[in-house]
Structures are given as structure tokens and as C-alpha cells.
Amino acid sequence: MADLKKLAEELVNLSVKDVKELADILKDEYGIEPAAAVSVAAPAAGQAAGDEAAAEKSTFDVILVSPGGAKLQIVKTVKDLTGLGLKESKEIVDAAPKAIKEGVAKDEAEKIKAQLEEAGAEVELK
């Protein structure tokens, strides 16, 4: 019988392309639907795709994590940044963590973050 530990080690170290090729061989030549093999490789493929997406991300959401101690100043800053009324801006600040702006370019998101942090808020970009 084959050395199962060695075989398992080889399977774990297969690239996504190799797993796909193996799945095709098992299906075409042996009539086996290799659902387990594909699901084992899926996390590695998903992680690689996630890493690429993070590297290529061009739009960001500006999230107000916490208004900090100067809540009134943050409300005014949110009002200026969003163009909303005072009441709506206060509701956003009170609901923190909450998105201030969504789908904005990296430069704009960083400017918004800087303004809010300067006013005393805790902000993150997603």
C-alpha cells in the first residue's frame, strides 16, 4: 500500500491549478465527483483571491468607530463632510460604529479620516 502520509502531504501542497487538474482526472477517468478535494483547495484559492482584492481595492468605506470626547465637534464635522442636516449627522454619530461615506476613492477616504481624527474621532477605512 502507498505511504498515505506522503500522499496526504502531496495533496495538501497542490496548487489550485493542480487541484483542478486532479479533479478533472478523477471525474473523467474514474467517474468520481471530487467534492472533498475541491473543498479542501477552496480556502487557499479564496485566500489568494482575497489578498489580490485587498491589494487592488480602489474604493473604501469610512467608518466612524467612536466619536471620542468631542462629540459635538464630530457631529459638526460629519455634517460638513456629508451635507446632511444637524439631526441626521447627530444620529450617525450616536449610532457609531457607523459608515460616514461608502464607496469613496482612497484619497478622499484618507482625507475624511484625517478630518475626523483631527476632531477627535476614531475612524477606520474598510
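Salt bridges and helix packing in a predicted model

User: Lys71 and Asp94 are said to form a salt bridge. What makes the pair count as one?

Analyst: In this predicted model, the closest N and O atoms of Lys71 and Asp94 are 2.5 Å apart. The cut-off is 4 Å between a side-chain nitrogen of Lys or Arg and a carboxyl oxygen of Asp or Glu, so the pair qualifies as a salt bridge.

User: Why is this pair said to tie together separate parts of the chain?

Analyst: Lys71 belongs to helix H4 (residues 71-82), while Asp94 belongs to helix H5 (residues 86-94). The two parts joined by the pair are 23 residues apart in sequence.

User: Are Lys71 and Asp94 buried, exposed or partly exposed, and how do you know?

Analyst: Lys71 has a relative accessibility of 38%, and Asp94 also has 38%. Buried requires under 20% and exposed over 50%, so Lys71 is partly exposed and Asp94 is partly exposed.

User: How many salt bridges does the structure hold, and why does Glu124 with Lys126 count as a salt bridge?

Analyst: The structure holds 6 salt bridges. For Glu124 and Lys126 the closest N and O atoms are 3.3 Å apart, and the limit is 4 Å, so this pair counts. Glu124 is partly exposed, with a relative accessible area of 31%.

User: Why are H4 and H6 called roughly antiparallel?

Analyst: H4 and helix H6 (residues 106-118) pack at an angle of about 155 degrees, with their axes 9 Å apart. Angles over 145 degrees count as roughly antiparallel, and H4 and H6 therefore fall in that class. The crossing of H4 past H6 is right-handed.

User: Why is Thr77 called buried?

Analyst: The relative accessible area of Thr77 is 10%, and buried means under 20%, so Thr77 is buried. Thr77 lies in helix H4. Not counting residues up to four places away in sequence, Thr77 touches Gln115, Leu116 and Ala119.

User: Is Ala99 buried or partly exposed, and how do you know?

Analyst: Ala99 has a relative accessibility of 22%. The limit for buried is under 20%, so Ala99 counts as partly exposed. Ala99 lies in strand S2 (residues 98-105).

User: Which residues does Ala99 contact beyond its neighbours in sequence?

Analyst: Leaving aside neighbours within four places in sequence, Ala99 is in contact with Val62, Ile63 and Ile92. Val62 is 37 residues from Ala99 along the chain, and the C-alpha atoms of the two are separated by 5.6 Å.

Key: Residues numbered from 1 in each chain as written. Predicted model: local features only at pLDDT ≥ 70, side-chain atom pairs only at ≥ 80, totals over all residues. Heavy atoms only, no water. Helix = DSSP H or I, 4+ residues; strand = E, 2+ residues; numbered from the N terminus. Buried < 20%, exposed > 50% of the residue type's maximum accessible area, 1.4 Å probe, protein only. Contact = heavy atoms within 4.5 Å. Axes fitted to C-alpha atoms, helices over the stretch in contact; angles between N-to-C directions. Parallel < 35°, antiparallel > 145°, perpendicular 65-115°, else oblique. Left-handed = near helix turned anticlockwise from the far one by under 90°.
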